[in-house]
Amino acid sequence: MMNAYRAAPDVDVVTSTATITGFGNLAINAFVIHAAEPVLVDTGAVRESDDFIAALRTVIDPADLCWIWLTHTDFDHIGSLQRLLDENERLQVITSFLGVGIMSLAAPLPMDRVYLVNPGQTVDVGDRTLTAVRPPAFDNPITTGLRDERSGIFFSSDCFGALLDEVPENAEDLSDEQLRQGQVFWATVDSSWLHNVDRAMFASELERIRRLEPTMILSSHLPAATGSSLERLLDALAEVPDASPFVGPDQAALEQMLAGITGLAS
Ligand SMILES: [Fe+2]
Ligand SMILES: [Fe+2]
């Protein structure tokens with residue numbers, strides 16, 4: 001079930017919730033920046049493309065989009081990419097060189113329709129500049145977040161996501177403990193390499209985000225968060241290197257689950 005809501009005067013969120021049985025609920029967000037040259041940040045999940053396009057249409061005519069900022073190429077971010085490119089011939093895709101490379105193995109991006117960015121580089125979208133920012137946590141080396149220099153909003157891709165019992169519309173509606181637990185768990189799943197980082201180096205990465213002074217943090221996997229939540233978000237992420245590593249269910253656990261479902265447990 002997809003829906004859309006307004007997070008800031010010129011930013012809409014197109015969102016659905018994925019239920020991961022036994023672990024919680026995860027928001028899957030894409031964003032429309034209503035710039036002079038409108039930008040769609042990511043394109044929803046592959047299996048939800050029809051619903052995604054319908055929800056997107058409630059906030060913008062896809063024919064009016066000029067840019068797709070593809071933060072990375074995971075299945076929860078590229079769902080309607082090809083379809084939107086097919087339907088709107090002027091749409092260009094902002095991504096990294098690696099993003100183009102990975103897409104070439106599935107649905108190649110036409111090279112005259114890509115705009116390559118590296119962290120620190122900017123794109124002019126008419127009434128504002130977007131700056132590419134590497135978030136401090138990610139699950140894919142393609143990952144390129146962005147800062148909207150007009151609104152001050154940081155679009156953080158998978159970073160700051162949280163697995164939650166319920167997904168509210170605003171992160172402020174989560175208690176400190178709900179947010180902390182959900183965020184730490186998500187990051188141990190999605191960025192398990194954080195257990196191996198140099199702690200001082202990671203702290204300086206978090207400080208780099210603090211210095212951006214974002215007015216909002218819009219994660220692909222968290223309800224919209226205002227800048228006042230930044231310290232809670234950074235504090236939770238700082239705990240991840242020393243949190244318990246995630247270990248997924250193994251075959252014995254799977255067989256136990258299946259036996260429970262079919263009633264064949266001995
Ligand atoms: Fe991802
Ligand atoms: Fe994601």
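The model is predicted. Two iron ions, ligand 1 and ligand 2, lie 3.4 Å apart and are bridged by Asp158. A search of the whole structure finds 16 salt bridges. Strand β9 is largely enclosed by the rest of the structure.

**Iron site**

- His72 and Asp158 link distant parts of the chain, 86 residues apart.
- His72 sits in the loop between β5 (67-69) and α2 (81-87).
- Asp158 sits in the loop between β11 (153-157) and α4 (176-190).
- Both His72 and Asp158 are buried.

- Strand β9 spans residues 129-133, and four of its five residues are buried.
- That is why β9 counts as largely enclosed by the rest of the structure.
- Strand β8 (residues 122-124) runs antiparallel to β9, with three bridges joining them.
- Thr122 has Thr131 of β9 as its bridge partner.
- β8 and β9 form a hairpin, with four residues between the strands.
- Gly126, in the turn of this hairpin, has a positive phi of about 100°.
- Strand β10 (residues 145-148) is also antiparallel to β9, joined by four bridges.
- Gly145 in β10 stands opposite Val133.

**Salt bridges**

- Asp50 pairs with Arg83, with 2.7 Å between the closest N and O atoms.
- This pair links distant parts of the chain: Asp50 is in helix α1 (residues 49-57) and Arg83 is in helix α2, 33 residues apart.
- Asp50 is exposed, at 55% relative accessibility.
- Arg83 is partly exposed, with a relative accessible area of 28%.
- Arg128 and Asp127 form a salt bridge at 3.1 Å, N to O.
- Arg128 has 5% relative accessibility; buried means under 20%, so Arg128 counts as buried.
- Asp127 is partly exposed, with a relative accessible area of 28%.
- Arg147 forms a salt bridge with Glu149, and their closest N and O atoms are 2.4 Å apart.
- Arg147 is buried, with a relative accessible area of 15%.
- Glu149 is partly exposed, with a relative accessible area of 37%.
- Salt bridges that share partners join Asp10, Asp127, Arg128, Asp148 and Arg150 into one network.

**Nonpolar surface patch**

- Ile20, Phe23, Val189 and Phe246 form a nonpolar patch on the surface.
- Together these four residues have about 280 Å² of accessible area.
- Val189 belongs to helix α4.
- Val189 has a relative accessible area of 34% and is partly exposed.
- Patch residues need over 30% relative accessible area, so Val189 passes that cut-off.

Definitions and conventions. Residues are numbered from 1 along each chain as its sequence is written. Chains are lettered from A and ligands numbered from 1 in the order in which they are written. This is a predicted model: local features need pLDDT of at least 70, side-chain atom pairs count only at pLDDT 80 or more; totals for chains, interfaces and linings use all residues. Side-chain values use heavy atoms; hydrogens and water are left out. Donors are N, O and S atoms within 2.8 Å of the metal (3.2 Å for Na, K and Ca); water is not among the atoms, so sites may look incomplete. Helices (H or I, at least four residues) and strands (E, at least two) are DSSP runs, numbered from the N terminus. Buried means under 20% relative accessible area, exposed over 50%, partly exposed in between (1.4 Å probe, protein chains only). Patches are made of residues with over 30% relative accessible area and no salt bridge: like charges are joined within 9 Å, nonpolar side chains (Val, Leu, Ile, Met, Phe, Trp, Tyr) within 5 Å. Accessible areas come from the Shrake-Rupley method with a 1.4 Å probe; for residues, only the protein chains shown count as cover. A salt bridge is a side-chain nitrogen of Lys or Arg within 4 Å of a carboxyl oxygen of Asp or Glu. Two strands pair if DSSP finds at least two bridges between them.
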